[in-house]
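Me: Can you walk me through this one? I'd like the overall picture, then some residues.

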Amino acid sequence: MKQFGTILKFELRGYMKNKVFVGTTIFMVIAIAIAMFIPNITAMFKSEDGAKDKSVMLIYAQDGELADLVRQYFEPAFPDYEVKLADGTLEDVKAQITAGSAECAFAMDSASSYTYYVNNLTMYDSNTAAAETLLKEVCRVTAMLQYGLSPEQAEKVMSVEIESNVTALGKDQGQNFLYTYIMIMALYMVILLYGQMVATNVASEKSSRAMEVLVTSAKPSSMMFGKVLASCIAGLIQLVAVFGSALVFYNLNKAAWGDNRIIASIFNIPVNLFIYMLVYFVLGFLIYAFLYGAIGSTASKLEDINTSVMPITFLFIIAFMVVMMSMTSGNTDNTLMKVCSFIPFTSPMAMFTRICMSTVPWHEIALSIVILIGSTVGVGFLSAKIYSVGVLLYGTTPKIGSIIKAVWKA
Amino acid sequence: MRLELKNIDKSFGEKQVLKGVSFTAESGKAFGLLGRNGAGKTTSIRILMNVFPANSGEVLVDGSPIDYGKIKIGYLPEERGLYPKKLIIDQLTYFAELKGMEKKEAVKAVDFWLDRLDMTEYRNKRLDTLSKGNQQKIQLVTALAHDPQIVILDEPFSGLDPVNAILLKDVVKEQISKGKIVLFSSHQMSYIEEFCDSIAIINAGRVALHGDLYDIKRNYPRDRLVVHTTKPQQIREDFGSACTDGENGALMIQLADPGEKNAVMKRLVENFDIDEVKVFEPSLNDIFVQYAGEQV
């Protein structure tokens with residue numbers, strides 16, 4: 001136990017002194033800080049620009065009355081544009097657009113037929129969609145007036161509003177989607193990054209032959225658990241640094257973010273979800289890190305690491321894909337997900353997604369966590385076994401079969 | 001203290017690496033473990049250090065199975081290497097702590113050994129900034145800092161310059177005189193001959209020869225004489241085919257019977273110009289080649 005503590009401390013200090021580790025953490029904190037200051041920064045630019053630079057939207061119609069009516073409806077509906085009536089012919093209008101003095105134009109044939117002119121049609125141009133809603137309104141009002149309703153009556157008909165309330169009795173997928181997404185992305189990145197680090201760490205001890213002294217000084221299980229837990233703590237420290245600074249910077253800029261619901265909801269994660277997130281994150285991290293460590297011990301050269309870890313990376317990516325696909329489809333309770341939420345290598349992502357996005361009975365959660373804890377410890381000891389055999393094998397990377405045989409006998 | 005390996009068998013997969021290896025080493029004496037590359041020395045050492053278990057056989061200390069919690073072992077592996085990017089003091093303390101020392105005493109012991117080996121100036125440097133010989137001295141600290149009862153040194157002299165070799169010799173003698181079991185493994189026979197009282201030669205997983213080095217030499221048939229002379233030609237003519245050329249310009253005379261040793265010596269001294277005449281004793285090198293050189 002004392003040995004385990006010594007190894008844990010030594011490895012952890014290794015991470016804290018690692019320039020790459022410290023550098024990426026600082027970089028991420030700075031990136032988060034910038035992201036959190038964005039509303040303030042954009043607000044600064046906006047106030048300087050003022051309102052004078054609004055782009056021009058032209059309304060053109062042979063019928064001057066129609067043009068004016070359309071303008072009246074468009075003006076409040078397009079606050080980003082200066083809506084103007086066009087002078088001259090249609091050719092003049094086109095010329096103005098190509099010249100850049102106007103951004104777009106609606107050439108009205110009638111209230112229900114138009115041509116939209118724009119210089120470059122962007123992917124996100126929603127002007128026509130908005131215009132159509134408005135024009136329908138124009139047509140309806142004109143029709144109502146024609147059938148003899150007074151303008152007030154027409155106004156009343158048009159402004160009927162439906163009152164509605166939605167109460168989710170189970171989970172609000174829209175809301176929790178975000179937590180699931182963040183957790184799974186974080187787990188994905190951290191496992192791939194740190195898994196590789198653990199594997200490299202073991203393999204470099206082997207290739208520098210520090211292993212020769214280590215195996216004769218410490219128990220393989222202490223080595224394995226010390227290394228993996230140190231990497232887990234380092235990973236958590238990094239995440240706390242990143243999310244913690246995000247929280248601090250968010251609070252500094254709270255006013256500027258205003259009522260941005262997405263950002264606000266990230267920082268208002270319910271406590272129970274946060275605890276589940278932590279549990280599944282740590283366990284998921286550990287079980288994969290053990291595997292990576294074991295694989296690292298079988299590689300005899302650092303260059304072999306990338307190919308050696310491939311099977312684990314595939315396993316993990318498959319788990320990731322299954323969860324991601326179920327998540328985006330909205331049906332997180334399909335059979336595949338249910339099965340995956342009990343398999344230790346997929347359950348951290350699958351079960352957490354189900355907890356977030358649907359209602360899972362508590363005993364299923366408990367069972368999944370118990371299975372996961374059990375298999376994490378099991379995989380830990382197994383990987384220590386592989387480690388004790390693997391670290392002394394030099395030369396070509398051994399075949400899986402021969403490792404299994406050796407581990408079985410040991 | 002008496003360390004004993006008894007009937008150790010070990011296989012890796014289909015390959016049997018050790019076949020009933022037994023040898024004994026005693027405290028206050030140095031023991032030489034010899035053998036060609038791949039003979040099974042390192043495997044024996046690893047079993048002794050409990051890196052992996054033997055298929056059968058025992059490791060005994062004073063007759064009872066070794067207690068790795070009590071008996072501390074220091075090991076200088078043949079394949080040298082520590083953490084190249086870490087500070088020397090940090091890693092040496094770490095290794096001493098792994099072997100059960102408290103942080104404070106570990107630092108103290110490491111500082112003592114750095115001073116003893118003239119390495120104090122490198123205390124706060126990274127290992128990869130040191131020369132190969134100096135890295136080796138650093139590695140020696142990991143084997144000695146925790147004051148082990150058993151010290152295992154695998155090729156300790158390779159890569160050291162003559163001055164450092166003398167320093168290491170002093171350290172080894174010191175360890176022996178402190179009553180520790182010092183186990184040597186080396187191909188440099190001169191060092192083994194200098195330090196070791198007893199040896200074991202392992203050949204292809206078996207102990208081919210084991211015992212007190214002095215006795216081993218004495219047990220060789222004493223039927224050859226080594227003669228140093230300024231006039232070899234006369235002796236050659238006199239002894240005919242019994243006289244052959246030995247090493248370093250000496251002559252070698254084969255006796256028909258060890259019993260005629262004194263008579264032949266007397267005859268040589270009386271009749272020829274003799275600088276030196278003595279009974280031929282095989283060097284460890286000769287013994288090694290004889291026992292380890294056969295079939296692998």
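Predicted model: local features only at pLDDT ≥ 70, side-chain atom pairs only at ≥ 80, totals over all residues.

Me: OK. What's the secondary structure of chain A?
Reply: Chain A has 18 helices and 4 strands.

Me: And chain B?
Reply: Chain B has 10 helices and 14 strands.

Me: What is the radius of gyration of chain A, next to that of a compact globule?
Reply: Chain A comes out at 31 Å. A compact globule of 410 residues would be near 22 Å. Along its principal axes, the C-alpha atoms of chain A fill a box of roughly 95 × 45 × 40 Å.

Me: What box do the C-alpha atoms of chain B fill?
Reply: Roughly 75 × 45 × 30 Å, again along the principal axes.

Me: What about the accessible surface?
Reply: Chain A has about 22000 Å², and 65% of that belongs to carbon and sulfur atoms. Chain B exposes about 14000 Å², with 47% supplied by carbon and sulfur.

Me: Now charges. How far apart are the centres of the positive and negative sets in chain A?
Reply: They lie 27 Å apart, for 28 positive and 30 negative side chains.

Me: And in chain B?
Reply: There the mean positions are 5 Å apart. Chain B carries 39 positive and 43 negative charges.

Me: Contacts next. What share joins residues at least 24 apart?
Reply: Take contacts between residues at least 6 apart in sequence. In chain A, 74% of them join residues at least 24 apart. In chain B the figure is 69%.

Me: Which residues touch the most other members of the largest nonpolar core?
Reply: Y280(A), I138(B), I152(B), F184(B), F195(B) and I199(B). The core has 163 residues.

Me: Which element gives this core its largest share?
Reply: Helix α12 of chain A, residues 271–298, with 13 residues.

Me: Switching to I191(A). Where is it?
Reply: I191(A) lies in helix α7 of chain A, residues 173–207.

Me: Why does I191(A) count as buried?
Reply: Because its relative accessibility is 2%, and the cut-off for buried is under 20%.

Me: What are its neighbours?
Reply: Leaving out residues up to four places away, I191(A) touches Q196(A), G284(A), F285(A), Y288(A), Y292(A) and F316(A).

Me: How far is I191(A) from D333(A)?
Reply: Their C-alpha atoms are separated by 25 Å. Along the chain they are 142 residues apart.

Me: Last one, Q139(B). Buried or exposed?
Reply: Q139(B) is buried, at 2% relative accessible area. The residue sits in helix α4 of chain B, residues 132–144.

Me: Which residues does Q139(B) touch?
Reply: From chain A, V213(A). From chain B, L76(B), P77(B), R80(B), G81(B) and L82(B). Residues up to four places away in sequence are not counted.

Note on methods: Residues numbered from 1 in each chain as written. Chains lettered and ligands numbered in written order. Heavy atoms only, no water. Helix = DSSP H or I, 4+ residues; strand = E, 2+ residues; numbered from the N terminus. Rg over C-alpha atoms; globule rule 2.2 N^0.38 Å. Contact = heavy atoms within 4.5 Å. Areas by Shrake-Rupley, 256 points an atom, 1.4 Å probe, with all protein chains shown as cover. Lys, Arg positive; Asp, Glu negative; His and termini not counted. Charge placed at Lys NZ, Arg CZ, Asp CG, Glu CD. Buried < 20%, exposed > 50% of the residue type's maximum accessible area, 1.4 Å probe, protein only. Core = buried A, V, L, I, M, F, W, Y, C linked by side-chain atoms within 4.5 Å.
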